[in-house]
Amino acid sequence: MVLPYLIYVRTCPSCGDGLCRVRVCTHENKLAGCVVCDECESVWTDPTMSEKFTEGIDSYTASCPDCGRSLWEDTSHWADIQEVCLLGWYDKVKVART
Ligand SMILES: [Zn+2]
Ligand SMILES: [Zn+2]
């Protein structure tokens, strides 16, 4: 799914290169959000980015802090604006048109 806009929190503090973007996992029809760098794939549990998540089921891939599954499976995608609102994170992100 290609969105006409990009939702992000900030430039990645880990790699300095990527954008930390909101990704959602919809495993078991639950909406779980996290923040993922689109470059180095570091994961944070929320937009305050105070807590990194590294304990997924597969340690070599970015994983959902809620269920631990890979964030690149088809149960996950980059959040759209509606989903960011549902997570209550809209005032914590920036939206850029692409
Ligand atoms: Zn990064
Ligand atoms: Zn999940």
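**Stop one: a loop glycine**

Start by selecting Gly18, which sits in the loop joining β1 and β2. Keep in mind as you click around that this is a predicted model.

Is Gly18 buried, exposed or partly exposed? It counts as partly exposed, because it has 17 C-beta neighbours inside 10 Å, while a buried residue needs 20 or more. For a sense of scale, draw a distance from the C-alpha of Gly18 to that of Trp44; the two are 26 residues apart along the chain and separated by 14 Å.

**Stop two: strand β3**

Next, select β3, residues 32-37. This strand is mostly covered, with five of its six residues buried.

Look to one side for β2, which pairs with β3 in the antiparallel sense over six bridges. One bridge to pick out links Arg21 to its partner Val36 in β3. The two strands make a hairpin with six residues between them, and in that turn Glu28 has a positive phi of about 55°.

Then find β4, which also pairs with β3 in the antiparallel sense, here over two bridges. Where does Val35 find its bridge partner in β4? At Trp44. This pair of strands forms a hairpin too, with five residues between them, and Glu41 in the turn has a positive phi of about 65°.

**Stop three: the core**

Stay on Val35 and show its contacts. Not counting residues up to four places away in sequence, Val35 touches Val9, Cys20, Arg21, Val22, Trp44, Asp46, Pro47 and Met49.

Val35 also belongs to the largest nonpolar core, which has 21 residues; Cys20, Val22, Cys34, Val35 and Val36 are the ones touching the most other members. Colour β1, β2, β3 and β4 to see the elements that each give two or more residues to this core. In soluble globular proteins, nonpolar side chains tend to be buried together.

**Last stop: zoom out**

Switch to a cartoon of the whole chain and you'll get one helix and six strands.

Finally, colour by burial: 28% of the 98 residues count as buried.

Note on methods: Residues are numbered from 1 along each chain as its sequence is written. Chains are lettered from A and ligands numbered from 1 in the order in which they are written. This is a predicted model: local features need pLDDT of at least 70, side-chain atom pairs count only at pLDDT 80 or more; totals for chains, interfaces and linings use all residues. A nonpolar core is a set of buried Ala, Val, Leu, Ile, Met, Phe, Trp, Tyr and Cys residues joined through C-beta atoms within 7 Å. A residue is buried if 20 or more other C-beta atoms lie within 10 Å of its own, exposed if 12 or fewer, and partly exposed in between; C-beta atoms are placed from the backbone. Helices (H or I, at least four residues) and strands (E, at least two) are DSSP runs, numbered from the N terminus. Two residues are in contact if their C-beta atoms, placed from the backbone, lie within 7 Å. Two strands pair if DSSP finds at least two bridges between them.
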